[in-house]
Amino acid sequence: MTISRERVLDELARIALPGGGTLVSRDMVRALNVESGVVRFVIEAADAAGARELAPVEAEAQRLLSALPGVEKVQIVTTAPAGPRGAQPQVTARSGAAAAPPPNLTIGRHPTPQAGPAPVSGVARIVAIGSGKGGVGKSTLTSNLAVALARKGRRVGLLDADIYGPSQPRMLGLGGQRLTNDGEMIQPLHAHGVTVMSLGLMMKEGEAVVWRGPMLMGALQQMLNQVKWGELDVLLVDLPPGTGDVQLSLCQKAQVTGAIIVSTPQDVALIDARRAIDMFDKLKTPVLGLVENMSTYICPNCGHEAHLFGHGGVAAEAAKLNLPFLGEIPLNLEVRLAGDAGTPVAAGEGPVADAFARLADRMIGGGMA
Ligand SMILES: Nc1ncnc2c1ncn2[C@@H]1O[C@H](COP(=O)(O)OP(=O)(O)OP(=O)(O)O)[C@@H](O)[C@H]1O
């Protein structure tokens with residue numbers, strides 16, 4: 001028997017809080033994740049004293065949820081912002097302008113309630129790049145596709161929302177660069193013709209864990225709406241792998257044009273890709289197509305073509321699901337080296353750059369960029 005988020009929230013709504021109301025009615029539950037019988041969430045208190053007061057509530061939630069059929073494990077963390085609620089948070093964009101005040105980010109606070117998905121000012125399309133599992137090359141694809149689209153004259157933005165490992169600053173050669181702001185809006189960075197914003201530019205090394213909790217939703221909303229994206233034909237969003245809160249928040253907060261799913265041809269990766277497709281279906285976000293990464297390996301010495309992870313599995317899956325197959329990117333050492341060096345391979349010439357250019361053409365031709 002599987003347990004749903006709704007069932008968990010129903011249960012939490014039964015626990016009365018010391019000051020009245022419940023965790024649900026007072027909007028204190030963050031990052032609720034229910035997967036394979038494991039329930040995880042964060043209780044966000046207004047301050048440290050409030051968090052201490054909530055200890056019995058946390059214990060009661062633990063007890064009630066653990067007793068539910070289908071629940072194997074319950075993990076609850078009670079947190080409080082470092083300062084008073086709504087105060088300038090500890091974690092803000094690292095401003096490069098020493099004299100400029102820190103940006104007016106409300107990171108750590110729950111985002112202002114929003115009726116439904118909203119457009120991002122100046123941005124014509126938002127395309128999410130997702131994958132069922134990590135390591136299939138989603139970030140690599142996002143940076144290269146962004147560069148390939150920019151080379152074709154499209155105005156492209158890239159939002160790196162991969163909270164578990166925001167790698168775009170490194171892949172685009174922006175490591176160590178600082179954000180600037182005018183006190184209200186953050187000035188994004190630019191690399192290889194692409195306008196870039198990354199969670200990695202907003203946090204210090206090792207801070208990723210903090211962002212999984214209550215700060216996440218607000219941070220995402222701010223990265224969409226408090227960044228001077230300018231006029232863009234398309235904003236590519238590099239999502240974390242899997243099916244979690246970031247995907248949910250993005251599709252709920254922003255008018256996402258659609259999602260592109262990246263997979264390697266292996267069966268196991270495809271199973272996860274199917275899960276991602278299913279999630280976007282549930283979120284009513286159209287899946288624009290599938291891309292096969294690490295498709296073919298061409299030996300740089302003898303030119304022999306090998307299919308290390310199989311080949312054609314993603315195209316076959318796309319056909320089965322009646323979804324467009326957008327193209328395949330070969331497995332090539334240069335892809336990794338170029339990414340590590342901060343200049344995506346799509347910025348240069350050669351067969352891999354051509355493969356990304358073809359992908360960009362498919363997107364432009366299909367009205368996706
Ligand atoms: N086509 C390719 N050829 C060679 N190496 C590749 C290719 N695509 C990705 N890689 C390499 O594989 C590794 C994983 O890629 P990447 O970080 O883009 O994956 P990801 O799906 O975004 O992973 P995660 O979501 O876990 O961050 C990187 O070292 C990257 O350089």
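**The whole chain**

Of the chain's 369 residues, 47% count as buried; a residue is buried if 20 or more other C-beta atoms lie within 10 Å of its own, exposed if 12 or fewer, and partly exposed in between, with C-beta atoms placed from the backbone. What you have on screen is a predicted model, where local features need pLDDT of at least 70 and side-chain atom pairs count only at pLDDT 80 or more, while totals for chains, interfaces and linings use all residues. When you type a selection, remember that residues are numbered from 1 along each chain as its sequence is written.

Switch to cartoon view: the chain has twelve helices and 14 strands. These are DSSP runs (H or I of at least four residues for helices, E of at least two for strands), numbered from the N terminus.

Now colour by pLDDT, the predictor's confidence in each residue, from 0 to 100. The chain averages 83, and 86% of the residues score at least 70.

Next, show Leu149, Leu235, Leu236, Val237 and Phe356, the residues with the most contacts inside the largest nonpolar core, which has 103 residues. Helix 12 (residues 351-365) provides the largest share of this core, eight residues. Where does the core lie relative to domain 1 and domain 2? It lies between them, because both domains give residues to it. A nonpolar core here means a set of buried Ala, Val, Leu, Ile, Met, Phe, Trp, Tyr and Cys residues joined through C-beta atoms within 7 Å. In soluble globular proteins, nonpolar side chains tend to be buried together.

Zoom in on Leu236. Leaving out residues up to four places away in sequence, Leu236 touches Val127, Ile129, Thr142, Leu145, Ala146, Val156 and Leu158; being in contact means that the C-beta atoms, placed from the backbone, lie within 7 Å.

**Two buried stops**

Pick Leu250 in helix 8 (residues 245-253). Leu250 is buried because 26 other C-beta atoms lie within 10 Å. Among the residues that Leu250 touches is Leu220: the two are 30 residues apart along the chain, yet their C-alpha atoms are separated by 7.3 Å.

Jump to Val71, in the loop between helix 3 (55-66) and strand 3 (73-79). Is Val71 buried or exposed? Val71 is buried, with 20 other C-beta atoms within 10 Å. Beyond four places in sequence, its contacts are Ile3, Gly37, Val39, Leu65 and Ser66.

**Around the ligand**

Select the ligand and its shell of 20 residues, of which Gly134, Gly137, Ser139, Thr140 and Arg336 come nearest. A residue belongs here if its C-beta atom, placed from the backbone, lies within 6 Å of the molecule. Helix 4 (138-151), strand 12 (287-298), strand 14 (325-331) and helix 11 (333-341) each give two or more residues to the shell.

Finish with Met294, in strand 12. Met294 has a positive phi of about 55° although it is not a glycine, and it counts as buried, with 26 C-beta neighbours inside 10 Å. Lys284 has a positive phi of about 60° and isn't a glycine either. Lys284 sits in the loop between helix 9 (267-282) and strand 12, and is exposed, with 9 other C-beta atoms within 10 Å.

Notes:
Domain bounds come from an automatic or database domain assignment.
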